[in-house]
Amino acid sequence: MKLMFASDIHGSLPATERVLARFAESGAQWLVILGDLFNHGPRNALPEGYAPAQVAERLNTQASRIIAVRGNCDSEVDQMLLTFPITAPWQQVLFGHSRLFLTHGHLYNAENLPPLNPGDVLISGHTHIPVAEKRGDIIYFNPGSVSIPKGGFAASYGMFDDGIFRVIALNDQRIIAEVAINP
């Protein structure tokens, strides 16, 4: 199974276009969107190319291949623009003996864990800071933000392939961080 992860689009059409181009090139079966699709929130500046209605149109072209969760900036009104569901606060994907717990990060995160088992993976966005690391028996993965990166990092997305989670720079595709699910 090959998955692509994008988080914190915040209504940026150029970021959405780059994400969808990377998705098409990647060969991933699913695009997992970790929330904050349209709105930028009061703490963030307006992202480059802010055009939430056009972002919805572009994402809807891949609706049958998107798994999404709700972010803290997403609303039920946003759902009205989309043909795929975004209102679940978390999703779970079973992978072999591991569970991928998908969430935005404002409810569940490294400081407030959901019930996880050894070997499970907590996948979230929200902080706009990429993370790919193992702590104890749990893997923590955050692909960063595709539109408003923070912490001096480049805009980034994530890939899961051959048992490895990678954070990849959106523009130049260099690997920012990686961790193996079964090192």
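Where in the chain is Ile-148 found? In this predicted model, for which local features need pLDDT of at least 70, side-chain atom pairs count only at pLDDT 80 or more, and totals for chains, interfaces and linings use all residues, Ile-148 is found in the loop between β8 (138–142) and β9 (156–161). Residues are numbered from 1 along each chain as its sequence is written, and side-chain values use heavy atoms, with hydrogens and water left out.

Buried residues account for 50% of the 183 residues, buried meaning under 20% relative accessible area, exposed over 50% and partly exposed in between (1.4 Å probe, protein chains only). Of the contacts (heavy atoms within 4.5 Å) between residues at least 6 apart in sequence, 54% join residues at least 24 apart.

Leaving aside residues up to four places away in sequence, Ile-148 touches His-10, Asn-44, Ala-45, Pro-47 and His-128. Ala-45 lies 103 residues from Ile-148 along the chain, yet their C-alpha atoms are separated by 8.3 Å. Pro-143 also has its place in the loop between β8 and β9 and is buried, with a relative accessible area of 0%. The residues touched by Pro-143, again not counting those up to four places away in sequence, include Phe-5, Leu-34, Ser-124 and Pro-130, as well as Ser-156, Tyr-157 and Gly-158.

Strand β1 (residues 3–6) pairs with β9 in the antiparallel sense over 3 bridges, pairing being assigned if DSSP finds at least two bridges between two strands. Within this pair, Leu-3 stands opposite Phe-160. Strand β10 (residues 164–169) also pairs with β9 in the antiparallel sense, over 6 bridges, and Ser-156 has Ala-169 of β10 as its bridge partner. The hairpin of β9 and β10 has 2 residues between the strands, and Asp-162 takes a positive phi near 50° there.

A further covered strand is β5 (residues 98–103), with 6 of its 6 residues buried. In a regular strand the side chains alternate between the two faces of the sheet. In β5, Ser-98, Leu-100 and Leu-102 point one way, while Arg-99, Phe-101 and Thr-103 point the other way, and all are buried. Strand β4 (residues 90–95) runs antiparallel to β5 and is joined to it by 6 bridges, with Gln-91 opposite Leu-102. Their hairpin has 2 residues between the strands, and Gly-96 takes a positive phi near 60° in it. By contrast, β5 and strand β6 (residues 121–123) pair in the parallel sense over 3 bridges, with Leu-100 opposite Val-121.

Note on methods. Helices (H or I, at least four residues) and strands (E, at least two) are DSSP runs, numbered from the N terminus.
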